[in-house]
Amino acid sequence: MEWFESWFDTPYYHLLYNNRDYTEAENFITKLTQVLELPQSSKIIDLACGKGRHSVFLNTLGYKVLGLDLSHQSIDFDKQFENENLQFKVHDMRNPIDSEPVDAVFNLFTSFGYFDNEQDDQNVFKSVYDVLKTDGYFVLDYLNEEYVRRVIVPESTIHREGIDFQIAKKIEGRHIIKDIRFEDQGKSYHFFEKVKLHTLETIKSYAEDCGFERIKIWGDYQLNDFEKDTSPRCINLFKKK
Ligand SMILES: C[S@@+](CC[C@H](N)C(=O)[O-])C[C@H]1O[C@@H](n2cnc3c(N)ncnc32)[C@H](O)[C@@H]1O
């Protein structure tokens with residue numbers, strides 16, 4: 001099993017990240033949907049939706065939303081929010097998406113860069129491209145390598161409900177690796193997260209090979225312009241030609 005197939009589906013992953021910022025997510029989505037001028041009738045896929053913080057908010061704004069994630073734990077949790085215009089399904093983003101054509105696909109909060117095999121990366125772009133309507137948008141909210149290199153904290157401890165998560169972060173070759181060790185009820189656990197530091201050029205070539213045009217890069221959740229040396233995020237906006 002690959003690390004992203006197991007770790008994201010453990011209760012420990014959900015415990016470690018139980019303080020995800022919902023306010024930041026909602027402000028970002030508000031700004032993004034305004035800038036994209038997505039009409040109320042739009043259909044949006046939240047690809048790798050996790051616990052649904054963006055999907056649920058998009059739905060409250062009036063959009064028809066499909067949230068997809070590989071983690072059964074997350075999708076089981078998300079099901080409580082379902083309604084006629086908000087559905088969640090287990091789905092591996094490397095596979096074709098079974099849906100009617102949509103107006104936008106969002107992949108948010110570094111939900112890309114997990115795969116060793118380049119073909120898998122390309123398959124993600126192809127699947128997104130195929131499910132979009134012509135002129136549809138793909139938003140890929142990814143990390144910014146320069147920023148990551150500057151702010152990386154090599155070691156830290158996070159306390160959650162009696163568990164001390166020992167976190168060690170390092171950059172190895174073209175990957176950022178987060179090592180996670182802890183004990184629970186006398187048993188030791190070790191997980192890791194491994195995200196590829198894709199360059200802007202690689203991402204652009206994945207997109208253009210499918211027929212996307214990159215029309216904008218924002219550098220943060222307030223949608224300021226991307227600055228290579230300082231921006232915390234690298235938020236790519238692609239349009240299907
Ligand atoms: C960093 S989390 C972000 C979740 C969510 N977008 C958010 O902002 O809260 C990454 C998500 O990607 C999902 N994921 C990992 N590999 C996947 C795959 N191959 N297909 C679909 N989802 C995947 C994980 O289960 C996890 O929910």
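The structure is a predicted model, in which local features need pLDDT of at least 70, side-chain atom pairs count only at pLDDT 80 or more, and totals for chains, interfaces and linings use all residues. Residues are numbered from 1 along each chain as its sequence is written, and side-chain values use heavy atoms, with hydrogens and water left out.

Two packed helices are described by the angle between their axes and the distance between the axes. For α6 (residues 118-131) and α8, the axes come within 9 Å and cross at roughly 50°. Helices here are DSSP runs of H or I with at least four residues, strands are runs of E with at least two, and both are numbered from the N terminus. Axes are lines fitted to C-alpha atoms, for helices over the stretch in contact, and angles run from 0 to 180 degrees between N-to-C directions. The crossing of α6 and α8 is right-handed, that is, the near helix is turned clockwise from the far one by less than a right angle, anticlockwise being left-handed. On the α6 side, Glu118, Asp121, Gln122, Phe125, Lys126 and Tyr129 meet Ile203, Tyr206, Ala207 and Cys210 of α8, contact meaning heavy atoms within 4.5 Å. This contact of α6 with α8 comprises six nonpolar, one polar and three charged residues; Ala, Val, Leu, Ile, Met, Phe, Trp, Tyr, Cys and Pro count as nonpolar, Asp, Glu, Lys and Arg as charged, and the others, Gly among them, as polar.

Tyr22, Ala25, Glu26, Ile29, Thr30 and Thr33 of α3 meet Arg53, His54, Phe57 and Leu58 of α4. By class, the residues of this contact are five nonpolar, three polar and two charged.

Helices α3 and α4 also return in the lining of the largest cavity, each supplying at least two residues. A cavity is a set of points on a 1 Å grid over the protein atoms alone where a 1.4 Å probe fits but cannot get out, while a pocket is an open set with protein on both sides within 12 Å along at least five of seven lines; lining residues have an atom within 4 Å of a point. One cavity of 30 Å³ or more is counted. The largest cavity has a volume of about 50 Å³, a volume being the space filled by probe spheres set on grid points joined across faces, edges and corners. Its lining includes Asp21, Leu108, Phe109, Asp141 and Tyr221, and α3 gives the most, with three residues.

The second largest pocket has a volume of about 150 Å³. Strand β5 (132-143) and helices α7 (145-151) and α8 (200-210) each supply at least two residues of its lining, which divides into five nonpolar, three polar and four charged residues.

Turning to the backbone, Ala48 has a positive phi of about 75° although it is not a glycine, and lies in the loop between β1 (43-47) and α4. Gln185, in the loop between β8 (175-184) and β9 (187-196), has a positive phi near 50°.
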